[in-house]
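Please read it with the sequence and the model at hand.

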Amino acid sequence: MTEETPGFEEQPDVPSEAAQTPDDAAKGAGSADKAGPAPAGDLEQVAIQAQLDQVRTALNERTADLQRLQAEYQNYRRRVERDRISVKEVAVAGLLSELLPVLDDVGRAREHGELVGGFKSVAESLETVAAKLGLQQFGKEGEPFDPLVHEALMHSYAPDVTETTCVQILQPGYRIGERTIRPARVAVAEPQPGATPTKGGEGEGAEADEESGGPDEG
């Protein structure tokens with residue numbers, strides 16, 4: 001038998017890694033983290049930012065589409081309103097055009113004093129309804145001739161006018177708003193050829209002085 005020396009025990013072999021100090025282990029872990037991939041929190045933040053950018057782009061596109069659609073709708077409404085008013089004016093003008101001969105008869109009867117009794121009441125009611133529909137009568141003696149609203153049926157010369165003037169209203173004109181249904185039919189007079197209009201008789205006095213050899217001296 002082999003005798004064992006008292007007080008000494010065999011120690012097992014220790015791996016070299018276990019022999020490292022705690023500080024050496026911490027340094028090794030830190031270097032491993034630096035060399036590894038980015039933290040999961042940073043990757044998640046980048047992904048969220050990319051999603052936000054996509055949402056903002058889509059929102060801007062949808063907002064532009066809505067604004068364009070709203071502008072087109074407003075233009076459509078204005079166009080429909082203009083067409084509605086135009087159609088109404090044309091319809092009313094067509095109806096009143098058929099009534100103009102009747103209104104002419106009423107006017108002639110009034111001028112001759114024949115607008116009396118029940119006929120007068122009916123005629124005034126007809127004129128009131130026509131006025132409510134927007135019918136306006138125009139054309140007065142003495143106003144300048146305007147070929148856009150006047151139709152000259154008679155022509156003459158007059159020494160007391162300085163421009164082509166309506167001297168007689170043969171048939172009144174009618175309009176609805178800015179739309180002329182019928183021009184006023186008139187007799188016009190133009191200035192006398194070669195005549196020079198005078199002011200306050202000054203021309204006549206001057207001619208008299210010239211014939212008498214000038215004014216008398218006191």
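1. The model is predicted, and the remarks here should be read accordingly. The protein chain contains four helices and six strands. Read from the N terminus, its elements follow the order α-α-α-β-β-β-β-β-β-α.

2. Burial and contacts across the chain. Of the 218 residues in the protein chain, 14% are buried. Where contacts link residues at least 6 apart in sequence, 65% of them join residues at least 24 apart.

3. The largest nonpolar core. Ten residues form this core: Val-92, Ala-93, Leu-96, Leu-100, Leu-103, Ala-130, Leu-135, Tyr-174, Ile-176 and Ile-181. Two elements, α2 (40–111) and β4 (173–176), each give two or more residues to this core. The largest share, five residues, is supplied by α2. A further core of six residues lies apart from it, and includes Cys-166, Ala-184, Val-186 and Val-188.

4. Leaving aside residues up to four places away in sequence, Leu-100 touches Leu-135, Tyr-174, Ile-181 and Arg-182.

5. The setting of Arg-182. Is Arg-182 buried or exposed? This residue belongs to strand β5 (residues 179–182). Its relative accessible area is 9%, and because buried means under 20%, Arg-182 counts as buried. Beyond residues up to four places away in sequence, Arg-182 touches Leu-100, Asp-104, Phe-138, Gln-171, Pro-172, Gly-173 and Tyr-174.

6. Polar partners of Arg-182. Which side chain makes a polar contact with the side chain of Arg-182? The partner is Asp-104, at 2.7 Å.

7. The largest pocket. This pocket holds about 370 Å³ of space. Its lining comprises 17 residues, and those nearest its centre are Leu-103, Gly-107, Gln-137, Pro-172 and Tyr-174. Elements giving two or more residues to the lining are α2, α3 (117–132), β1 (135–138) and β3 (165–171), with the largest share, six residues, coming from α2.

8. The lining of the largest pocket consists of eight nonpolar, four polar and five charged residues.

How values were computed. Residues are numbered from 1 along each chain as its sequence is written. This is a predicted model: local features need pLDDT of at least 70, side-chain atom pairs count only at pLDDT 80 or more; totals for chains, interfaces and linings use all residues. Side-chain values use heavy atoms; hydrogens and water are left out. A nonpolar core is a set of buried Ala, Val, Leu, Ile, Met, Phe, Trp, Tyr and Cys residues joined through side-chain atoms within 4.5 Å. Buried means under 20% relative accessible area, exposed over 50%, partly exposed in between (1.4 Å probe, protein chains only). Contact means heavy atoms within 4.5 Å. A polar contact is a pair of N or O atoms within 3.5 Å; within protein, one must be able to donate a hydrogen and the other to accept it, and residues adjacent in sequence count only if both atoms are side-chain atoms. On a 1 Å grid over the protein atoms alone, a cavity is a set of points where a 1.4 Å probe fits but cannot get out, and a pocket is an open set with protein on both sides within 12 Å along at least five of seven lines; lining residues have an atom within 4 Å of a point. Grid points are joined across faces, edges and corners, and a volume is the space filled by probe spheres set on the points. Ala, Val, Leu, Ile, Met, Phe, Trp, Tyr, Cys and Pro count as nonpolar, Asp, Glu, Lys and Arg as charged, and the others, Gly among them, as polar.
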